[in-house]
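Please open the structure in your viewer and keep the selection tool at hand. The tour below moves from one selection to the next and says what is to be found at each stop.

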Amino acid sequence: MTILHNLPTQDLQALDAAHHMHPFTDGAELAAKGARVITRAKGVMLQDSEGVDILDGMAGLWCVNIGYGREELANAAHAQMQQLPYYNTFFQTSHPPVIALSQKLAELAPGDLNHVFYASGGSEANDTNLRLVRHYWATKGKPDKKVIIARKNGYHGSTVGAASLGGMSGMHAQGGLPIPDIVHIDQPYWWGEGGDMSPEEFGLARARQLEAMIHEVGPDNVAAFIAEPVQGAGGVIVAPDTYWPEIQRICDDYDILLIADEVITGFGRTGNWFGSQTYDIRPDIITTAKGLSSGYMPIGASILSDEVAQVIDHGGDFNHGYTYSGHPVACAVALENLRILQEEQIIEKAAADTIPYLTEKWAQLADHPLVGETVNKGLMAGLALTPDKAARAKFASDPGTVGFRCRERCFANGLIMRHVGDRMIIAPPLIISRDEIDTLFERAVQSLDETLSGLKTDGMMVAA
Ligand SMILES: *Cc1c(COP(=O)(O)O)cnc(C)c1O
């Protein structure tokens, strides 16, 4: 094997810095410091090239829902690679893994979401959705109905289309985004943006921005609204309870397609199979990826309602697709992942036991002097770091400075907890046990304590 398993860490870091460009990373800064090299993993634990164990509070990038090291998935890949490693689904061909996975997804997805278009990840699936909803309305004789409304600080991926749908200002600042006919409304982030309103009032007000935007653009020009049931990469932003019912009403009233980007919330993250079930919404399309294969293989999927699929199917050729749409190995692995999730009742068990346990413990972190709010929906959770809880204040330092310090303390204490600006977030594998949750909390509290004392020493507990 030519994989460099036995090189010393320093050599791996030097080669990494010399030849590997990292996503969402300051390359020069990383080269100076050296990447942490992860070499193996089992359950919820990672191990690095120095043999240090780290509890993965992020399930990779929100994806390893069934945990690391499930041999069944390796065996499914092995068997499928031997039988049929690749064939496409373009020219009126199909294969058993893609057929079986499509049937399974139709069974699991809510309502009449029964039709699946495949991609290699969430970004590609959202690019599919972007073209698909416009083509849908054009096929119905309404070619002007093409504007897509999305949200600031939403995340829908990194391709040109998906990053345009997303509302990340740092991404729009690079490469000339967003592309035309995509507009953004504000996010339902009460702690950060709610001012004097109650969460309920604020949730309604933010939902009604959708209605106002529809009027501004003109209902006959709006194709769809896209949003994550819970914003993940934006910092685990859980909308007030009033938000989603009002969004659903508005989409219904104005005949706007609702796209639920469930790349994170799909496959158990919020305690149900889909976040749409948790929020009782009826999307026309859901985007999935990540937990679909628990990250063991790259795969994404747009799951469409009967009505949307029927219109597309009768609109002639849909001139869109990826070489790896419905890749047989990825489909076989996803299918095995779904079998395990279902047969081992991983989601039901989490909902009954570890989600209530984590919810209670996470809420207790709000007593920490550095923590403003704590929120969670199932096994995704966020907290705001603040110099002044009562005022819901931000730090005087550049946004993210304090969050980064906290993440570094977590890393040093054997915990992957991510920071988004000055929010800290977790989304552990769904199979995390109570004992492992205890370990996660011990390490998190220690890291918060160390962050706080460092901030005090450096005179940084100062509000903006
Ligand atoms: C990660 C993510 C995506 C992008 O998925 P990729 O597989 O990275 O392309 C899209 N939407 C949401 C909500 C995500 O979290």
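**The ligand and its shell**

Begin by selecting the ligand together with Lys 290, where an oxygen atom of the ligand is 2.7 Å from an N or O atom in the side chain of Lys 290; a polar contact here is a pair of N or O atoms within 3.5 Å. The model is a predicted one, in which local features need pLDDT of at least 70 and side-chain atom pairs count only at pLDDT 80 or more, while totals for chains, interfaces and linings use all residues. Residues are numbered from 1 along each chain as its sequence is written, and side-chain values use heavy atoms, with hydrogens and water left out.

Then show the backbone of Tyr 155, where a polar atom is 3.5 Å from a ligand nitrogen atom. The protein buries 81% of the 390 Å² that the ligand exposes when taken alone, with accessible areas coming from the Shrake-Rupley method with a 1.4 Å probe.

Now widen the selection to the residues that surround the ligand, among them Gly 121, Ser 123, His 156, Glu 228 and Ile 264; a residue belongs here if one of its heavy atoms lies within 4 Å of the ligand. By class, this shell holds three nonpolar, six polar and three charged residues, with Gly counted among the polar ones. Which helix gives the most to the shell? Helix H6 (residues 122-139) does, with three residues; helices (H or I, at least four residues) and strands (E, at least two) are DSSP runs, numbered from the N terminus.

**Helix pairs**

Move on to helix H4 (residues 71-83) and helix H14 (residues 328-343), whose axes come within 8 Å and cross at roughly 150°. H4 and H14 are therefore roughly antiparallel to each other.

**Two backbone details**

Finally, select Leu 177 and Pro 178, which are joined by a cis peptide bond with omega of about -5°. Pro 178 lies in the loop between helix H8 (169-172) and strand S6 (182-185). The last stop is Trp 62 in helix H3 (residues 59-62); although Trp 62 is not a glycine, its phi is positive, at about 65°.

How values were computed. Polar contact = N/O pair within 3.5 Å; in protein donor to acceptor, adjacent residues only side chain to side chain. Axes fitted to C-alpha atoms, helices over the stretch in contact; angles between N-to-C directions. Parallel < 35°, antiparallel > 145°, perpendicular 65-115°, else oblique.
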